[in-house]
Amino acid sequence: MSITCVIGLQWGDEGKGKIVDLLSRDSDYVVRYQGGSNAGHTVVLGKEKFVLHIIPSGILHPGVKCVIANGVVFDPRQFLGELDGLKKKGIRIKKNLYISDRAHLVFPYHKAIDGIRESRLGKKKIGTTGLGIGPCYSDKFARTGIRVIDLFNPALFKERLQVNLSEKNVVISAGGGKPLSTQDIYQQYLHYARQIKPYVTDTRLMLEDALRRKKRILLEGAQGSLLDIDFGTYPFVTSSNADACGISSGAGISARKIDKITGVLKAYATRVGEGPFPTELNDALGENLRRIGGEYGATTGRPRRCGWLDLVAAKYSAQLNDIDSIAITKLDVLSHLKKIKVAVAYKYNGKTIHEFPAAVEALARCRPVYRELPGWQADISGINRYNDLSVAARKYLDFISQHLGVPIGIVSVGAERKRFLIKR
Ligand code: GDP
Ligand code: IMO
Ligand code: MG
């Protein structure tokens, strides 16, 4: 297998960072192809915790080349901060990190406008990370974006920045904000340009060359399929294709070349931000999942909404991405439960449905139809062989696999790097 992808099957935070770190052992390149620093991917090595936002989660493996491809919206300030944090923790970064010259840049005006739009929406807000992701992608598609490569043509960069700010400052002023200075941003970004220059390259060309040399490429999806701009719970989504659909445009790799897609599925469900969530538990059970699972946003620190596993949604994501195998994460978090519920259908307008609706208004009115399965009530976090899991735990996994019609490949039973099982 030369091209493998890791895709979240829920609303993000499935544990993609942990799975990518694991699969990085068998990869030469790890590539982020969409999203930006709205992502928060956690990897735990012993007692040390790393949260990667824009740098691929393969960076903790010295031999792996990490690529921030063209489809990512690139915030140089966040990037440089993250790089510094990694270096301080003793991670060596030398000729193993690349940034696409075609990636679009996130500017302070994107963040300002993200905030203004959200406050204007009031109760109907999306609950974004506030990092300017939506406004930056909007500019990309409106053809007014500024790309990494533009930083190296200062006259052109300044001209584009001026044009953009003349429009953005109107919005910022109307939103009650302080207009931003072209000169300040210009100087600041030229300073960033000097710092990021050693990493900037044509990443598409680099990956093409890597494929020719039979190198193994791992594509690291950010967010999750239900946050996808086309197939997610629109408008409560992010602004990129957070499923496998985004790979071709986001990395410049033909869809024909993808060999394997692993879908990451948390053993229960979480969501940060607003939007419908049929299996949400607004009770002590939900609070327990949040506490035991440590369900607080890796980027914003916000408490994550928690609920039962939703197999209607997971099946939709599994089909959408045509996944080859499932990586189940956080199975250990369910160990205290006597009984575990999973949604297998929805009740909508008096009918039982198995399809994930396109309209959020419909999804908000769907009531889950649950199957109840016995819990295992034993600590499984120290188990490292699949067959050592109790019968009840294996039955839970088999139920998921059968319902989705996809085999389970990896089961994660703890945050730490070594806490996983391979199902053979
Ligand atoms: P990502 O965005 O998909 O990479 O996921 P996050 O890092 O935002 O959230 C997953 C959280 O669960 C992180 O704190 C991980 O360290 C943690 N985690 C990952 N896998 C497991 C697991 O199997 N068990 C437990 N208890 N925690 C896990
Ligand atoms: P990882 O990669 C979970 C959510 C936000 C909000 C919506 C839009 O760690 O799984 P945005 O700032 O992207 O415009 O916000 O998307 N969101 C995430 N939720 N995990 C993420 O990334 C997310 N990235 C964005 O909370 O609801
Ligand atoms: Mg996350």
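A: The shell around ligand 1 is made of five nonpolar, seven polar and seven charged residues (nonpolar: Ala, Val, Leu, Ile, Met, Phe, Trp, Tyr, Cys, Pro; charged: Asp, Glu, Lys, Arg; polar: the others, Gly among them). The model is predicted, so-called local features need pLDDT of at least 70, side-chain atom pairs need 80 or more, and totals for chains, interfaces and linings use all residues. Residues count from 1 along each chain as written, chains are lettered from A and ligands numbered from 1 in written order, and side-chain values use heavy atoms, without hydrogens and water.

Stay with ligand 1. There are 19 residues around ligand 1 (a heavy atom within 4 Å counts as near). Gly-15, Lys-16, Thr-42, Asp-332 and Ser-412 come nearest. Now the polar pairs. A polar backbone atom of Gly-15 is 2.8 Å from an oxygen atom of ligand 1 (a polar contact is an N or O pair within 3.5 Å; within protein, one atom must be able to donate a hydrogen and the other to accept it, and sequence neighbours count only through two side-chain atoms). Gly-17 also uses its backbone: a polar atom there lies 2.8 Å from an oxygen atom of ligand 1. Asp-332 uses its side chain instead. An N or O atom of the Asp-332 side chain is 2.7 Å from a nitrogen atom of ligand 1. On its own, ligand 1 has 580 Å² of accessible area, and the protein covers 92% of that (Shrake-Rupley method, 1.4 Å probe; for residues, only the protein chains shown count as cover). Two elements give two or more residues to the ligand 1 shell: helix 1 (16-24) and strand 3 (41-45) (DSSP runs numbered from the N terminus; helices are H or I with at least four residues, strands are E with at least two).

What about ligand 2? Which residues are closest to ligand 2? They are Lys-16, His-41, Thr-129, Gln-223 and Thr-238, out of 20 that surround ligand 2. By class, the ligand 2 shell holds seven nonpolar, 10 polar and three charged residues. A polar backbone atom of Gly-127 is 3.4 Å from an oxygen atom of ligand 2. For Gln-223, a polar backbone atom is 2.8 Å from an oxygen atom of ligand 2. Thr-238 brings a polar side-chain atom to 2.6 Å from an oxygen atom of ligand 2. Of the 540 Å² of accessible area that ligand 2 has on its own, the protein covers 97%.

Gln-223 counts as buried because its relative accessible area is 7% (buried is under 20%, exposed over 50%, partly exposed in between; 1.4 Å probe, protein chains only).

Pro-235 lies in that loop too, between strand 10 (217-220) and helix 8 (247-251). A cis peptide bond joins Tyr-234 to Pro-235, with omega at about 5 degrees.

Next comes Asn-321, in helix 10 (residues 311-321). Its relative accessible area is 2%, so Asn-321 is buried. Its side chain has two polar partners to note. The side chain of Ser-225 makes a polar contact with the Asn-321 side chain at 2.9 Å. The backbone nitrogen of Ala-244 is 2.8 Å from a polar atom of the Asn-321 side chain.

Arg-143 sits in the loop between helix 4 (133-142) and helix 5 (154-174). Is Arg-143 buried or exposed? Arg-143 is exposed, because its relative accessible area is 75%. Gln-223, by contrast, is buried.

Leu-165 belongs to helix 5. At 2% relative accessibility, Leu-165 is buried. Its C-alpha atom is 6.8 Å from that of Thr-182, 17 residues apart along the chain. Tyr-186 is placed in helix 6 (residues 182-196). With a relative accessible area of 11%, Tyr-186 is buried.
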